Amino acid sequence: MLQPQEAQILAPGLNFFPTLKPPNKTLSFHRISALVITFFAYASFHASRKPSSIVKSVLGPSKSAQGSLEETGWVPFNGPDGTHRLVVRPEDLGFEAPAKEVEMHVEKAENEDVGLLGVESSDSLKAIGFLQAWRLPGVAPFSFCLFFSKLVAYTFLYWLPFYLRHTGVAGKQLTHKTAGILSIIFDFGGVLGGILAGLISDLIEARAVTSVAFLLLSIPSLILYRAYGSLSMVSNIALMFLSGLLVNAPYSLITTAVAADLGTQDSIKGNSRALATVTAIIDGTGSVGAALGPLLAGYISTRGWNSVFLMLIVSILLAALLLICVAKTEIRQKLNKGKWVWNSSQ
């Protein structure tokens, strides 16, 4: 059961549900509830981004598997540079950029943060500099690895239905609805991949080694998907699921477990503001990759889908190379501690 001091820091929303307050519910109940609610909240947020990827295959002109034009698309996306106009800025459509509004919200958020942090101790308020955070062990490699991992993952998120619609399966052109539903298989693989990567990394206690392994295995999976994914529906589903599992695993691992691990370093341990800086650097760098990947795919796809897959493979390779040194350090530490070595005498 929750102790009195623990009950005082419960979420204010529980005041509307007295039966959920301790001692009516145990700590395990609240932990499970937080996990379930967080999962469905993020799943709903991710699902809300899916329609925009399906719309891509509707706005632009589509061709059948034989190369004949089936639909002309919608202006201004139906021209030869239509794919360039799809990942569009507000200014391009005649809307005013919400710069002032963003500044007001940022200022308000900073003031609120100051008020909330005022109750913390002086040690927890001690922040570290931006450059100092970059110099912490593992921050830069994992940040840029997440940059390339998110670049690949979000390119698939926003372009996979468009790719399925334009390439077809087994020589047949897919409808917009079928292409959208089929692309969800990639997301299902990503969910399982994130869970599997977390389990493996916890088992061997090596985040970088796990990430590098998944990244290197995703390269042949993408090659196989590009080469054989369109042969039949079965091969498409199987290779798409495998690609999603391997591609999304490092991205999921770095944004969760790795960020938490870096926060336990002696230089920032127990310092909430320093931990926030490190987490913001990692996640922010990854967000840049998430925005850049779909943008590049729009331009590169005009040269053919082989060029797009080449970009994805090169990005994955760079992500793996960025973690090689960190992975070597992890392996060396485990071997020095006697782990990962099977002792026949035991």
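Trainee: Is Cys-145 buried or exposed?

Mentor: Cys-145 is buried, at 0% relative accessible area. Buried means under 20%, exposed over 50%, partly exposed in between, with a 1.4 Å probe and protein chains only. This is a predicted model, where local features need pLDDT of at least 70, side-chain atom pairs count only at pLDDT 80 or more, and totals for chains, interfaces and linings use all residues. Residues are numbered from 1 along each chain as its sequence is written, and side-chain values use heavy atoms, with hydrogens and water left out.

Trainee: And what about Cys-325?

Mentor: Cys-325 counts as exposed because its relative accessibility is 57%.

Trainee: OK, how many disulfides are there?

Mentor: The count is zero, where a disulfide is a pair of cysteine sulfur atoms within 2.5 Å.

Trainee: New topic. How many residues does helix H7 have?

Mentor: H7 has 29 residues, 139–167. Helices here are DSSP runs of H or I, at least four residues, numbered from the N terminus.

Trainee: Where does H7 bend?

Mentor: At Trp-159, by about 55 degrees, and Pro-161 follows within four residues. The bend is the angle between axes fitted to the seven residues ending there and the seven starting there.

Trainee: How many H7 residues are buried?

Mentor: 24 of the 29, so H7 is largely enclosed by the rest of the structure.

Trainee: What comes after H7?

Mentor: Gly-168, with a positive phi near 80 degrees.

Technical notes. Helix = DSSP H or I, 4+ residues; strand = E, 2+ residues; numbered from the N terminus. Expected span 1.5 Å × (residues − 1).
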